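Biologist: I am new to this structure. Could you show me how to read it, feature by feature?

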Amino acid sequence: MDTTTRLYYDDSYLTTFTAQVIASSEYNGRPAVALDRSAFYPAGGGQPADQGWIEAASAPDRRWPVVDVQSDNGVVWHILNTSEPLPDPDTIVTGQINWVRRFDHMQQHCGQHILTAAFIATCQAATVSFHLSERSVTIDLDVTNLNEDQVQAAEAWANRAVWANLPVYARFVSPAELTQIPLRKPPTVSGAVRVVSIGDIDHSACGGTHPARSGEVGAIVVTGWTRQRGVTRVEFLCGGRVIAAMHERDRAIRSAASALSVGWAELPAAVSRLQETLQGLQRELTQTRRELDALRAAQWYAQTPLVNGRRVVTATLPDADLERLRTIAGFIAELPGGIAIIAGGTERPQIVVACADDTAVDAREILAAGMKVLGGRGGGHARMAQGGGGQMSLLATAIAAMMERASVA
């Protein structure tokens, strides 16, 4: 099969073209056609595929949506979202690129080249990978630490390059010509290499689509950075995505400010006051719950029959965390002859056993009786032990075994 001539190499602004179908089949189980020439960009180099549609030149009512584009051994396959019959080989078709998507990718990809050059120029951090998705753009830098001053310096450098409206020039060069170009990194292919140059600030081997001048990138904004397994991942937005993100953030800010009945400029102070109030309420809630748990523990203790000088109190609190189970068990163990078997958990049981000093009972031995039933594990000391594991359906049997052990210990 002949390879596909890639029209976007020469003109990233080309959105409509005619071509001949050279194959009509499936690609990875999806209906697809290959064309002798195409302006559709196939996914690769960190840039997603173009989308759009193709239609029969002689019958425009026969239209097939293009939802993905892939390259295989030089052939560009257009994956179609259709249950209709595909165009036969040799059919002349017209292709139409989704320009909004294409231009967005041009802005993001060119912005990545510029931001990559910026990090090299300002802090000698090189890009090792690039990823462009529907909502985010990231580069991974070969450094493990990056501070805010460095990020701001790189962002400012990148935007000066954008606003300088530098020419963006893409062309294929021979191996001999390549030696005269200061490439950012060596190419991964042999033979003629497509090089994208942005003024004199960046020269990179690249097969992607780019605008004619850097000014079309509009603006570059870094939105965050994190450490990722030996590299630093920088997330950023370019062009139209900057405006969209600004509107989204503005709506969120205005909504929050309205909810707190303040102007947007007063929002940080209002949130700070709200946090202080919340922290105070949380402290009060913690103290109130502790007092309530103490009263409950005393009530459960009083309602439990005294047997051989001991009161073995059991309770199951599915919504209580381990710390609360320990607190309640501790309250019971502070009372004369008190032995607590307090369980919690919704998917896997958690159990705390606590024994008063005057019981002469080892909490670990009681817990072990329950863990034997559950098949769980635990540990602790003579006065308090905790464990967990096994199935919730066995919890009642485990508690019964621990009560029996506590009564005869």
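Modeller: Start with one term: contact means heavy atoms within 4.5 Å. Keep in mind that this is a predicted model. Now take helix α5. Its buried residues pack against α4 (240-259), β16 (311-317), α6 (322-333) and β17 (338-344).

Biologist: Which residues of α5 are buried?

Modeller: Buried means under 20% relative accessible area. In α5 that gives Leu267, Ala270, Gly280, Asp293, Ala297 and Tyr301.

Biologist: How many residues does α5 have, and what span does it reach?

Modeller: The expected span uses 1.5 Å times one less than the number of residues. Helix α5 covers residues 267-303, which is 37 residues. From first C-alpha to last it reaches 52 Å, close to the 54 Å expected.

Biologist: On to sheets. What is the strand order in the open sheet of 3 strands?

Modeller: Two strands pair if at least two bridges are found between them. Here the order is β11-β12-β13, and the pairing is antiparallel. β11 (168-173) and β13 (202-205) are the edge strands; each has a single partner, so one side of each lacks a neighbour in the sheet. On average, neighbouring strands are turned by 20° against each other, direction ignored.

Biologist: How many bridges pair β12 with β13?

Modeller: Strand β12 (residues 193-198) pairs with β13 over 4 bridges, in the antiparallel sense. Look for Val195: it stands opposite Ala205 in β13.

Biologist: Which helix lies across these strands?

Modeller: That is α1, residues 99-123. It lies across β11, β12 and β13 and runs at about 70° to β12.

Biologist: At what angle do the axes of α1 and α2 cross?

Modeller: Angles of 65 to 115 degrees count as roughly perpendicular, and those over 145 as roughly antiparallel. The axes of α1 and α2 (residues 148-163) cross at roughly 125° and come within 8 Å. The two helices are therefore oblique to each other. The crossing is right-handed. Among the contact residues are Ile114, Leu115 and Phe119 of α1, and Gln150, Val151 and Trp157 of α2.

Biologist: Last feature. Which strands close into a barrel?

Modeller: Follow the strand order around. Here 6 strands close up as β2-β3-β7-β6-β5-β8, with antiparallel pairing. Neighbouring strands in this sheet are turned by 50° against each other on average, direction ignored.

Biologist: How many bridges join β2 to β8?

Modeller: There are 5 bridges between β2 (residues 16-27) and β8 (residues 92-97), and the two strands run antiparallel. To find the pairing, look at Ala19, which stands opposite Val93 in β8.

Definitions and conventions. Residues are numbered from 1 along each chain as its sequence is written. This is a predicted model: local features need pLDDT of at least 70, side-chain atom pairs count only at pLDDT 80 or more; totals for chains, interfaces and linings use all residues. Side-chain values use heavy atoms; hydrogens and water are left out. Buried means under 20% relative accessible area, exposed over 50%, partly exposed in between (1.4 Å probe, protein chains only). Axes are lines fitted to C-alpha atoms, for helices over the stretch in contact, and angles run from 0 to 180 degrees between N-to-C directions. Angles under 35 degrees count as roughly parallel, over 145 as roughly antiparallel, 65 to 115 as roughly perpendicular and the rest as oblique. A crossing is left-handed if the near helix is turned anticlockwise from the far one by less than a right angle, and right-handed if clockwise.
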